[in-house]
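Here are my notes on the model, as numbered points. Please read them with the structure open.

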Amino acid sequence: MNAAPTQTDAEPLPTPAERPEANIVIFDGNCRMCTAQIRALTWWDCQGKLSYLSLHDPEVARRFPDLTHDMLMEQMYVVDGQGNRYGGAAAIRYFSRRLRRLWWLAPLLHIPGSLPVWQWLYRQVAKRRYRFGTLNQCDNDACSLHVR
């Protein structure tokens, strides 16, 4: 997803307060790779259907007490307007059906029986996300905590 133009770090991501009707993407805001992918996602979301919260924001625990810190550290989640939760590869599949710039990806992601494969691949990347890039670029030494 990172081939698209991205926002600069200075531009804040749209929050649920700014987009109350939007689906909420919960991601690891301390992870440089995750943040870069989310900033790319804002380009794919040309219709403004998404808002964003870092899993480290206290608002996440208040609004979604069923999503534990451990669950959120394992994978990104999308919460739709009906309260349904989609995590990891299922979230990416969800994007492919909702964001018109990603429709081309839907046939591949929705091959019958393929979700377990996509989830496994997503988990492999997510487990190693703090190892990608240089450690000294992470906020508050977050990367070094997870690489040990």
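1. Asp 45 counts as buried, at 5% relative accessibility. Buried means under 20% relative accessible area, exposed over 50%, and partly exposed in between, with a 1.4 Å probe and protein chains only. The side chain of Asp 45 meets that of Arg 19 in a salt bridge, 3.4 Å from N to O. A salt bridge here is a side-chain nitrogen of Lys or Arg within 4 Å of a carboxyl oxygen of Asp or Glu. Arg 19 is partly exposed, at 26%. Asp 45 sits in the loop between helix 1 and strand 2 and Arg 19 in the segment before strand 1, so the pair ties together parts that are 26 residues apart in sequence.

2. On the basis of these notes: this is a predicted model, in which local features need pLDDT of at least 70 and side-chain atom pairs count only at pLDDT 80 or more, while totals for chains, interfaces and linings use all residues. Residues are numbered from 1 along each chain as its sequence is written, and side-chain values use heavy atoms, with hydrogens and water left out.

3. The overall layout comes next. The protein has seven helices and four strands, in the order β-α-β-α-α-β-β-α-α-α-α. Helices (H or I, at least four residues) and strands (E, at least two) are DSSP runs, numbered from the N terminus. Of the 148 residues, 43% count as buried.

4. The salt bridges number four by this rule. Arg 85 pairs with Asp 66, the closest N and O atoms being 2.9 Å apart. This pair links distant parts of the chain: Arg 85 is in strand 4 (residues 85-87), and Asp 66, 19 residues away, is in the loop between helix 2 and helix 3 (69-74). Both are partly exposed, Arg 85 at 31% and Asp 66 at 42%. Glu 59, Arg 62 and Arg 63 form a network of salt bridges. Within it, Arg 63 and Glu 59 have their closest N and O atoms 3.7 Å apart. They are four residues apart in helix 2 (residues 58-63), which means a separation of about one helical turn.

5. How many residues of strand 1 are buried? Five of its five. Both faces are covered: Asn 23, Val 25 and Phe 27 lie on one side, Ile 24 and Ile 26 on the other. Strand 1 pairs with strand 2 in the parallel sense over five bridges; pairing requires at least two DSSP bridges between the strands. Asn 23 stands opposite Leu 50 in strand 2.

6. Now the interior. A nonpolar core is a set of buried Ala, Val, Leu, Ile, Met, Phe, Trp, Tyr and Cys residues joined through side-chain atoms within 4.5 Å. The largest has 20 residues; Val 25, Ile 38, Leu 41, Tyr 52 and Phe 95 touch the most other members. Helix 4 gives the largest share of this core, four residues. A second, separate core of 14 residues includes Cys 34, Val 60, Leu 72 and Val 79.

7. Helix 4 (residues 89-98) has seven of its ten residues buried, so it is largely enclosed by the rest of the structure. Among the buried ones are Arg 93, Tyr 94 and Phe 95.

8. Leu 53, in strand 2, is buried at 6% relative accessible area. Beyond four places in sequence, its contacts (heavy atoms within 4.5 Å) include Pro 16, Val 25 and Val 60.
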